[in-house]
Amino acid sequence: MINRFDMFTTSITQIYKSLQRIKNREMTEFNLKGTHTMCIFRLGRRPEGMTLTALSAACEEDKAAMSRTVAELTRDGFVTVDSERKYRAPITLTDKGRLVAKRVDEMVEEAVAAGGDGLSEEERRNFYYALELISENLRKYLKEESD
């Protein structure tokens, strides 16, 4: 059991660090940080925009950190916030932001292809099934611990 834990945590940590490095490397062409990547990625999938709360949840970031990220992206012209609405104002990508979102999509495609190289479709399906199951089981475990 201990060996499985060591292999799991080491592998997950290495994957996470690799993803962080990929995000940082790709975003330098736009003078952005890796922390902006998921925000732009999520907004690219929601052309109608997202509220700060929804964006924070989708990116699994706290609202304060997401607020700072959105402020930076707004300042640099990648996103806009509907100033007419103070409460639940939608955050949307600008044309400049959509250009970056397109590059993020390309980066995601390349990284996913590279990461899954050598896996059959069945192995890939099984991997994602197992990963989601482990993630959900750990969420349930933590919820039970806090109750």
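Before placing any residue in an element, I note that helices (H or I, at least four residues) and strands (E, at least two) are DSSP runs, numbered from the N terminus. I also note that I am working from a predicted model.

I looked up the largest nonpolar core and found 21 residues in it, with Leu32, Ile40, Leu43, Leu55 and Val100 having the most contacts inside it. At least two residues of this core come from each of helix H2 (37-44), helix H3 (52-59), helix H4 (63-75), strand E2 (91-93) and helix H5 (95-115). I then followed Leu43 and, leaving out residues up to four places away in sequence, found that Leu43 touches Met50, Leu55, Val79, Ile91 and Leu93.

Entry two, the surface. I found a nonpolar patch with about 1,100 Å² of accessible area together, whose members include Phe8, Leu19, Val112, Leu131 and Leu142. Helix H1 (2-27) and helix H6 (121-146) are the elements that give two or more residues to the patch, and H6 gives the most, with seven. One of the patch residues is Leu131, which I placed in helix H6.

I found one aromatic pair in the structure, formed by Phe127 and Tyr128 in an edge-to-face arrangement, with 5.1 Å centre to centre and 70° between the planes. Phe127 is partly exposed at 39% relative accessible area, and Tyr128 also counts as partly exposed, at 43%.

Technical notes. Residues numbered from 1 in each chain as written. Predicted model: local features only at pLDDT ≥ 70, side-chain atom pairs only at ≥ 80, totals over all residues. Heavy atoms only, no water. Core = buried A, V, L, I, M, F, W, Y, C linked by side-chain atoms within 4.5 Å. Buried < 20%, exposed > 50% of the residue type's maximum accessible area, 1.4 Å probe, protein only. Contact = heavy atoms within 4.5 Å. Patch = residues over 30% accessible without salt bridge, like charges linked within 9 Å, V, L, I, M, F, W, Y side chains within 5 Å. Areas by Shrake-Rupley, 256 points an atom, 1.4 Å probe, with all protein chains shown as cover. Salt bridge = Lys/Arg side-chain N within 4 Å of Asp/Glu carboxyl O. Phe/Tyr/Trp six-rings, centres within 6.5 Å; stacked < 30°, edge-to-face > 60°.
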